[in-house]
Amino acid sequence: MLLRSWQGPGASLRLPAAALLLLLLLNLGWSVRASEITFELPDNAKQCFYEEIVQGTKCTLEFQVITGGHYDVDCRLEDPDGVVLYKEMKKQYDSFTFTASRNGTYKFCFSNEFSTFTHKTVYFDFQIGDDPPLFPSENRVTALTQMESACVSIHEALKSVIDSQTHFRLREAQGRSRAEDLNTRVAYWSVGEAIILLVVSIGQVFLLKSFFSDKRTTTTRVGS
C-alpha cells in the first residue's frame, strides 16, 4: 500500500498534514477493486459481465434500474462452474453479498427479455474485497497518533459521502426520468383534450344551427 513505505516509529509525525491527507485520498481510490457502470439494456435483450475473482474474496453486487417501463430487470449471478449464486426476477433494485468459493471467472447478467417495447437503463456496482486498514498493525510498536486517527475518521467519512452521493445521483436520475415521462403524458393528454373540445364545439354549432334553420314543407294537390 502507499502508506506502508512511511511506517516506522515516529515516521508519521514527520509527514506534513497535506501530504498525509493526499496519501489518504490516493489510498481511498486504490484500496478496493470495484466496477461501477450505468448502461442501456434494450428490450428483448440480455447483457452479461465477467469478473476474475480469487477464492475467499468477499464480493458485493448492487444494482438499480434507473429508467424504463416498470423499473424492473432480471438478474442472475453464476460461479465458474455455472452454479447459480443469485437469481431474481423483475427487481427494481437489490444487493447481494457472497464469498468466492473458488478461483475463476464469475458471471452476472441482466435480462430485459420479458419486455417487448421498453428499454431500461441499469446501474450496478460490483465490489471485490474489503478495504484494507489505512495503517496496518504489523511492525508497529506504538498506538495510532492523533493525525493517523483523524485520517481513519476522514477515510470512513469519505466512504459514507461517496455512497450517499451515488445514492442521491441515482434517485435524482430516476426522479428526472419519471418527471419527463409524466410531462410527456400530460402534453399528450392536453393535445387530446384540445382536439375533443374542438370537435364538441363544432358539433354544438351545427346542432344549434339545425334548430333555427327553416324547414320547408311541400304540399301535394290531388286532382279529381
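Modeller: A salt bridge here is a side-chain nitrogen of Lys or Arg within 4 Å of a carboxyl oxygen of Asp or Glu. This is a predicted model, in which local features need pLDDT of at least 70 and side-chain atom pairs count only at pLDDT 80 or more, while totals for chains, interfaces and linings use all residues. Residues are numbered from 1 along each chain as its sequence is written, and side-chain values use heavy atoms, with hydrogens and water left out.

Colleague: How many salt bridges does the structure hold?

Modeller: The structure holds 6 salt bridges. One of them joins the side chains of Asp72 and Lys120, at 3.1 Å from N to O.

Colleague: Where do Asp72 and Lys120 lie?

Modeller: Asp72 is in the loop between β3 and β4 and Lys120 is in strand β8, so this pair ties together parts that are 48 residues apart in sequence. Strands (E, at least two residues) and helices (H or I, at least four) are DSSP runs, numbered from the N terminus.

Colleague: Is Lys120 buried or exposed?

Modeller: Lys120 is buried, because its relative accessible area is 1%. Buried means under 20% relative accessible area, exposed over 50%, and partly exposed in between, using a 1.4 Å probe and protein chains only. Asp72 also counts as buried, at 11% relative accessibility.

Colleague: Which residue forms a salt bridge with Glu78?

Modeller: That residue is Lys107, and the closest N and O atoms are 3.9 Å apart. Lys107 lies in strand β7 and Glu78 in strand β4, so the two tie together parts that are 29 residues apart in sequence. Lys107 is partly exposed, with a relative accessible area of 25%, whereas Glu78 counts as buried at 14%.

Colleague: And what about Asp81?

Modeller: Asp81 forms a salt bridge with Arg102, with the closest N and O atoms 2.5 Å apart. The pair links distant parts of the chain, with Asp81 in the loop between β4 and β5 (84-91) and Arg102 in the loop between β6 and β7, 21 residues apart. Asp81 is exposed, at a relative accessible area of 52%, and Arg102 is partly exposed, at 33%.

Colleague: Which residues do salt bridges with shared partners join into one network?

Modeller: They are Arg76, Glu78 and Lys107.

Colleague: What does Phe108 touch?

Modeller: Leaving out residues up to four places away in sequence, Phe108 touches Gln47, Cys48, Phe49, Leu61, Arg76, Leu77, Phe124 and Phe126. Contact means heavy atoms within 4.5 Å.

Colleague: How many aromatic pairs does the structure hold?

Modeller: There are 15 aromatic pairs. Rings of Phe, Tyr and Trp (its six-membered ring) pair if their centres lie within 6.5 Å; planes under 30 degrees apart count as stacked, over 60 as edge-to-face and the rest as tilted. Among the pairs is a tilted one between Phe39 and Phe110, 5.8 Å centre to centre with 50° between the planes. Phe39 lies in strand β1 and Phe110 in strand β7, so that pair ties together parts that are 71 residues apart in sequence. Phe110 is buried, with a relative accessible area of 0%.

Modeller: Phe108 and Phe126 form a stacked pair, 4.8 Å centre to centre with 20° between the planes.

Colleague: One last topic, the backbone. What is the phi of Tyr71?

Modeller: Tyr71 has a positive phi of about 60° although it is not a glycine. Tyr71 is in the loop between β3 and β4 and counts as buried, at 10% relative accessibility.

Colleague: Which charged end sits over the ring of Tyr71?

Modeller: It is that of Arg178, 4.3 Å from the ring centre. A charge sits over a ring if NZ of Lys or CZ of Arg is within 6 Å of the ring centre and within 35 degrees of the ring normal.
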